Amino acid sequence: MTIETYDPAPPRGTPDWLWYLGVPTAAVALYLVYGQLIPFSEWVTSLFPVARDSHTGEAIAFFVYDVPKVLLLLTGIVFVTGVLRSWFSPEKTRAILAGKREIWGYPLASLLGVLTPFCSCSSVPLFIGFVSAGIPLGVTFSFLIAGPMVGPVGLGLLYGLVGWQIATLYLVFGFTIATVAGFVLGRMGLERHLQDWVRELNAGPVGDLPEEQLTLVDRLKIGAEQVREIVGKVWIWVLVGIGIGAAIHGYVPEAMMLQIMGGEAWWSVPVAVAVGVPMYTNAAGVIPIVEALLGKGAALGTTLAFMMSVIALSLPEMIILKQVLKLRLIAIFIAVVAGGILATGFLFNAIL
Amino acid sequence: MKTVNIYGPGCARCETTGKMVKEVAARLGIEVEVLKVTDAKSMAMAGVMSTPGISVDGKLVHAGGLPDAGKLEGWLTT
């Protein structure tokens, strides 16, 4: 029997050679445009009838420089990440974690949390899939904390906007918090605080999917698809974040910033966490704000604590997890992660 | 008559997947019933960890991301 081939839409019929040619060309084009951003932003700012060194001039320059810069960086990072992640899947990750001795499970889960593609909308089936495969609860938490907290988008933007030193610190501490928080949660014996149906669930045999064979072009397509989906979704957060960053950059006096978020004010770290937890945006939106805060002299620990609590703990995610975790466990989860973030904030303010 | 389950919490991609299944089936002249499965418990029981997942007549064939139209044909015809 022959099956006629089916071509759903013309754009999917892009020949392979066009991908091999197009991706490097796009990379070079992005790079060249990226190099022209400062002259471009200065030119745009000069079109406004304000003095360049006035408050408004500073804010405008920040905005018109950061918007194209962040969008270009975001596109590149999301593409590369999408391609790299096509080698990973939740199913493979589960198979790896299920076979590991517990103590190595935590750092490994944190690492895989960064590499495995999953969207928060499927964190419930993923959670159940892990727990029912015998992966300890704490190890599962390490995975779920690391995923959003140390995401490539956040790291890449931090690298581009604030510098590699701080991006590296963030990576190391985000990873450590995920590992340690998972370990602590694992030691607390919290299984009884799972929703009853989750504990009773004797998940049947794990869905055994044949591994899909992907060609390099398939992987490039996945990257491009990710760009369309993610950049298409977060650009509005980016604009809002840069708008706030520009306002801080242009109008907030440094003396005031030092008083509120300087290293002297010890209480600023808990306040930053308390403000950050209920806030919900993604990394792309919060990092331009971080850039502006640091530029005005905010203490590094306080700023990192703010950023981590905004990204790692969010209300929508908690509502999703409510399906599988009892309220008490959610509270413990938030407390442990927030504790780790607080410790990180204090540590940086103390040593720097 | 084949029964196709689409597992997913109702995201845009799950909707698109359901539409693709119906289109491919209609074109191949296969009668299908497409069911949306949105609760986490049933997803877990079926072994779906990344959405959208697809099962045909109770057998899981795909999880995570939009399916490839060519493969979809294969799943529906075997």
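Colleague: What covers the buried residues of H11 in chain A?

Modeller: This is a predicted model. In it, the cover includes helix H1 (16-35), helix H3 (55-85) and helix H14 (283-295) of chain A.

Colleague: How do you know what span to expect of H11(A)?

Modeller: Helix H11 of chain A covers residues 216-251, which is 36 residues. The rule takes 1.5 Å times one less than the number of residues.

Colleague: Where does H11(A) bend?

Modeller: At A:Val234, by about 40 degrees. That angle lies between axes fitted to the seven residues ending there and the seven starting there. A:Val234 is also a buried residue.

Colleague: Now chain B. Why are S2 and S4 called edge strands?

Modeller: The open sheet has four strands in the order S2-S1-S3-S4, with mixed pairing. Strand S2 (32-37) and strand S4 (59-63) of chain B each pair on one side only. From one strand to the next, the twist averages 20 degrees.

Colleague: How do you know that S1 and S2 of chain B pair?

Modeller: Pairing needs at least two bridges. Six join S1 (residues 2-7) to S2(B), so the two strands pair. They run parallel. B:Val4 has B:Val34 as its bridge partner in S2(B).

Colleague: Which strands does helix H1 of chain B lie across?

Modeller: S1, S2 and strand S3 (53-56) of chain B. Helix H1 (residues 12-28) runs at about 175 degrees to S2(B).

Conventions: Residues numbered from 1 in each chain as written. Chains lettered and ligands numbered in written order. Predicted model: local features only at pLDDT ≥ 70, side-chain atom pairs only at ≥ 80, totals over all residues. Buried ≥ 20, exposed ≤ 12 C-beta atoms within 10 Å, placed from the backbone. Contact = placed C-beta atoms within 7 Å. Axes fitted to C-alpha atoms, helices over the stretch in contact; angles between N-to-C directions.
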